[in-house]
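Me: I am new to this structure and would like to learn how to read it. Could you take me through it step by step?

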Amino acid sequence: MVVVLGPTASGKTALALAIARRFGGEIVNCDSVAMYREFDIGTAKPSAAERAEIPHHLLDCVDPGADVSAGEYARQARLILGEIILRENLLHESGQRRRLPIVSGGTGLYLRALLDGLFPGPQRSEELRDRLRGRAEKNGPEHLHRILRRLDSSAASRIHANDVPKVIRAIEVCLVSRPTSRQNMTELWQQGRESLQGFRILRLGLNPEREVLYARINQRAAKMFNEGLIAETEKLLTKYGAQARPLASLGYKQAVQFLRGELDRESALAAAQQAHRNYAKRQITWFRREPDVHWLAGLGDDSAIQAEGIAAVEREI
RNA sequence: GCACAGGUGGGUGAGUGGUUAAAGCCAACAGACUGUAAAUCUGUCCCUCUCAGGAGGUACGGAGGUUCGAAUCCUCCCCUGUGCA
């Protein structure tokens with residue numbers, strides 16, 4: 001299988017499509033927000049024509065009122081990968097061309113959950129989280145961190161006290177799994193994780209120059225605003241309410257602020273562009289650590305880059 | 001032209017005689033990330049050395065001055081905003 005990774009707006013969709021056309025590929029989305037139905041403009045999903053041409057998976061598979069998670073993503077993605085392989089074997093017997101799974105997206109944690117697996121910890125418990133959040137608000141983040149230190153000092157030393165969500169998750173893991181397994185998070189981690197088996201994996205990473213990327217991000221965010229992001233957001237806002245999680249994501253968050261009158265249109269756009277740039281920076285940091293990436297120094301829309309990617313697929317797969 | 005307000009580090013914006021290389025926020029850069037991840041968090045951020053504790057240099061529109069000591073006070077000049085002409 002091929003994995004196409006890189007920061008937002010680096011052209012992952014275009015590269016994945018080019019590879020899919022060439023090798024009879026099926027694209028498996030790995031962008032968290034693109035999984036939500038009706039979130040279209042702000043997520044830069046592939047067009048209807050592209051989706052008719054090449055099979056796409058894990059797009060539009062979650063209700064906007066629901067929540068996804070890395071674990072849920074990994075489960076579904078592995079299921080789909082299995083189906084693609086099944087299909088390939090059938091086609092192979094009848095002498096037809098192969099089916100190449102192409103995982104494409106920028107959500108680093110989801111990709112890691114798919115490829116490396118997650119540790120065998122419990123799923124989240126909203127009630128517990130609410131209680132912990134309340135305590136953090138009342139007594140400050142240090143308070144929670146002290147609780148974690150008692151439960152799992154090793155995890156506590158790894159997680160900064162100010163990083164409340166991660167501290168909460170660690171406490172949750174310890175507390176929820178204690179009655180049955182009597183293990184804290186660090187001990188559960190040591191059990192290792194179930195990595196994806198049965199695939200030769202080629203990671204193609206898009207790495208355009210920073211200035212080029214940032215300019216592209218600005219341009220694309222402006223295009224989203226011009227092409228109806230605000231109207232789309234308004235529709236989603238009335239249909240699902242302000243608490244719908246994906247409404248807090250890049251672009252949508254700023255569109256909501258505009259609709260509420262907190263920002264004028266120009267400032268909302270500028271804020272959205274900024275948020276996208278900041279996000280891209282974080283993705284770059286994340287993917288730098290990803291092992292065995294074949295880096296392509298340019299945008300995925302560039303035909304020379306696509307040719308380079310295709311050549312790598314031919315060599316490696 | 002007169003009156004008032006103001007000019008601070010990449011931006012914004014505190015500071016109004018000494019503990020101020022100058023708060024906070026933002027940007028930028030670097031980093032972390034094992035089920036909210038398009039989330040959340042950390043570090044660096046004037047220059048040059050460094051035995052990493054520090055040492056030196058330059059800096060608050062410009063030029064002078066007062067003072068042991070000035071971003072902070074005084075004088076003149078330049079620029080910006082607002083009001084009156």
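Reply: Gladly. Let's begin with burial: a residue is buried if 20 or more other C-beta atoms lie within 10 Å of its own, exposed if 12 or fewer, and partly exposed in between, with C-beta atoms placed from the backbone. Helices (H or I, at least four residues) and strands (E, at least two) are DSSP runs, numbered from the N terminus. Please keep in mind that this is a predicted model, where local features need pLDDT of at least 70, side-chain atom pairs count only at pLDDT 80 or more, and totals for chains, interfaces and linings use all residues. Residues are numbered from 1 along each chain as its sequence is written, while chains are lettered from A and ligands numbered from 1 in the order in which they are written.

Me: Which residues of H11 are buried?

Reply: Here is the general idea. An α-helix has 3.6 residues a turn, so residues three or four places apart point the same way. In H11 the buried residues are Leu229, Ile230, Thr233 and Leu236. Viewed down the axis of H11, these buried residues fall within an arc of 125 degrees (taken from the directions from the helix axis to the C-beta atoms), so they line one face of the helix. The face turned away from that buried side carries exposed residues: Ala231, Lys235, Thr238 and Lys239.

Me: What covers the buried residues of H11?

Reply: For this we use contacts: two residues are in contact if their C-beta atoms, placed from the backbone, lie within 7 Å. The cover of the buried residues of H11 includes helix H10 (210-226) and helix H12 (252-259). One residue of H12 is Tyr252, which counts as buried because 26 C-beta neighbours lie inside 10 Å. Apart from neighbours within four places in sequence, Tyr252 is in contact with Gly42, Thr233, Pro246 and Leu247.

Me: How far apart are the end C-alpha atoms of H11?

Reply: The expected span of a helix is 1.5 Å times one less than its number of residues. For the 12 residues of H11 (residues 229-240) that gives 16 Å, and the end C-alpha atoms are 16 Å apart, which agrees. After H11 comes Gly241, with a positive phi near 85 degrees.

Me: Which residues of H14 are buried, and which are exposed on the other side?

Reply: The buried ones in H14 are Ile305, Gln306, Gly309 and Val313. Seen down the axis of H14, they fall within an arc of 100 degrees, so they line one face of the helix. On the other side of H14, the exposed residues are Ser303, Ala304, Ala307, Ala311, Glu314 and Arg315. The buried residues of H14 pack against E1, H1, E5 and strand E6 (293-296).

Me: How many residues are in the largest nonpolar core?

Reply: A nonpolar core is a set of buried Ala, Val, Leu, Ile, Met, Phe, Trp, Tyr and Cys residues joined through C-beta atoms within 7 Å. The largest one here has 44 residues, and Val2, Leu15, Ile102 and Leu114 have the most contacts inside it. Among the elements that each supply at least two residues of this core are strand E1 (2-5), helix H1 (12-23) and helix H14 (303-316). H1 gives the largest share of this core, seven residues. A second, separate core of 21 residues includes Leu213, Ala221, Leu229 and Ala268.

Me: Which residues are closest to RNA strand B?

Reply: A residue is near a molecule or strand if its C-beta atom, placed from the backbone, lies within 6 Å of it. RNA strand B is surrounded by 46 residues, the closest being Ser32, Gly71, Asn162, Ser249 and Leu250. H13 gives the most to this surface, with 10 residues. The residues of the surface divide into 14 nonpolar, 17 polar and 15 charged.

Me: Where does Ala9 lie?

Reply: Ala9 is in the loop between E1 and H1. Its phi is near 70 degrees, a positive value in a residue other than glycine. Ala9 counts as buried, with 28 C-beta neighbours inside 10 Å.

Terms used:
Nonpolar A, V, L, I, M, F, W, Y, C, P; charged D, E, K, R; others polar.
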